[in-house]
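Please look over the sequence and the fold shown here before reading on.

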Amino acid sequence: MRPNSQECYLERMKVNDHFSITFETAGKIPIEFYITDSHNAHIFSMPLSGEGHHSYISTSEGRHAYCFRNGMSQEVVVNFNPHGPEEETYLVGHDATPAEQEVRKLSHNVEEVRDHFEFMLFRNEIHDQSVSDTQRRMFHWAILQTMVLAGMCGWQIYYVRSLFKIRGVV
């Protein structure tokens, strides 16, 4: 997301539809997250958070929006996983047998674990990039220090030799 910008995504929902979303920003940079219903009334708001999870059941029919607002002066990468009504069928089967209900719950839990794993991979990529940048900077700094040390040694040898040449010792 660009600095001082907002991005919204729409989800078409009916009454009693279930919706859930999980999000995380690279580097845990805080952003504002909120959900509005079809009448633009705020259902949920999470100000200045680097990660979050929320789920709710719709009370009105229409287009619901979930929005991310970056109030910072820097770009932010947001990784999010929404699960709309078509994916949340595990809650709908009221006439299902207990075994089917347990399978639906297990399926939902597996989806949550998969989402969390994707977040972990995302975090790992960010940290690997940071480590790589730090190692590169340290390498260049070490080369610069070596060159300065070699230059100072050469200057000291030259200075001491010229000092003894003036005195006629060498």
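**Briefing on the predicted model**

Arginine 114 is partly exposed, with a relative accessible area of 41%, where buried means under 20% relative accessible area, exposed means over 50% and partly exposed lies in between, computed with a 1.4 Å probe on protein chains only. This is a predicted model, in which local features need pLDDT of at least 70 and side-chain atom pairs count only at pLDDT 80 or more, while totals for chains, interfaces and linings use all residues. Residues are numbered from 1 along each chain as its sequence is written, and side-chain values use heavy atoms, with hydrogens and water left out.

**Salt bridges**

- A salt bridge is taken here as a side-chain nitrogen of Lys or Arg within 4 Å of a carboxyl oxygen of Asp or Glu, and by this rule the count comes to 7 salt bridges.
- Arginine 114 meets glutamate 111 in one of these, at 3.0 Å from N to O, and the two are separated by about one helical turn because they stand 3 residues apart in helix α1.
- Arginine 114 also forms a salt bridge with glutamate 118, at 2.8 Å from N to O, and here too the separation is about one helical turn, the residues being 4 apart in helix α1.
- Glu111, Arg114, Asp115 and Glu118 are linked in a network of salt bridges.
- Arginine 123 forms a salt bridge with glutamate 24, with the closest N and O atoms 2.5 Å apart.
- This pair links distant parts of the chain, since arginine 123 belongs to helix α1 (residues 98-167) and glutamate 24 to strand β2 (residues 18-25), 99 residues apart; helices (H or I, at least four residues) and strands (E, at least two) are DSSP runs numbered from the N terminus.

**Aromatic rings**

- Rings of Phe, Tyr and Trp (its six-membered ring) pair if their centres lie within 6.5 Å, and planes under 30 degrees apart count as stacked, over 60 as edge-to-face and the rest as tilted; by this rule the count comes to 13 aromatic pairs.
- Phenylalanine 19 and tyrosine 56 form an edge-to-face pair, with 5.9 Å from centre to centre and 65 degrees between the planes.
- Phenylalanine 19 lies in strand β2 and tyrosine 56 in strand β5 (residues 51-57), so the pair ties together parts that are 37 residues apart in sequence.
- Phenylalanine 19 is buried, with a relative accessible area of 1%, and tyrosine 56 is buried at 9% relative accessibility.
- Phenylalanine 68 and phenylalanine 80 form a tilted pair, with 5.0 Å from centre to centre and 40 degrees between the planes.
- Phenylalanine 68 is in strand β6 (residues 62-70) and phenylalanine 80 in strand β7 (residues 78-83), so this pair joins parts that are 12 residues apart in sequence.
- Ring pairs link a cluster whose members include Tyr9, Phe19, Phe33, Tyr56, Phe68 and Phe80.

**Sheet and helix**

- Two strands pair if DSSP finds at least two bridges between them, and 3 strands form an open sheet in the order β5-β2-β7, with antiparallel pairing.
- Strands β5 and β7 stand at the edges, each with a single partner strand, so one side of each is left without a neighbour in the sheet.
- Strands β2 and β5 pair in the antiparallel sense over 7 bridges, and phenylalanine 23 stands opposite glycine 52 in β5.

**Nonpolar core**

- A nonpolar core is a set of buried Ala, Val, Leu, Ile, Met, Phe, Trp, Tyr and Cys residues joined through side-chain atoms within 4.5 Å; the largest one has 16 residues, and those with the most contacts inside it are Phe33, Tyr66 and Phe68.
- Strands β2, β3 (31-36), β4 (42-49) and β6 each supply at least two residues of this core.
- Leaving aside neighbours within four places in sequence, phenylalanine 33 is in contact (heavy atoms within 4.5 Å) with residues including Ile21, Phe23, Phe44, Met46, Tyr66 and Phe68.
- Phenylalanine 68 is buried, with a relative accessible area of 1%.
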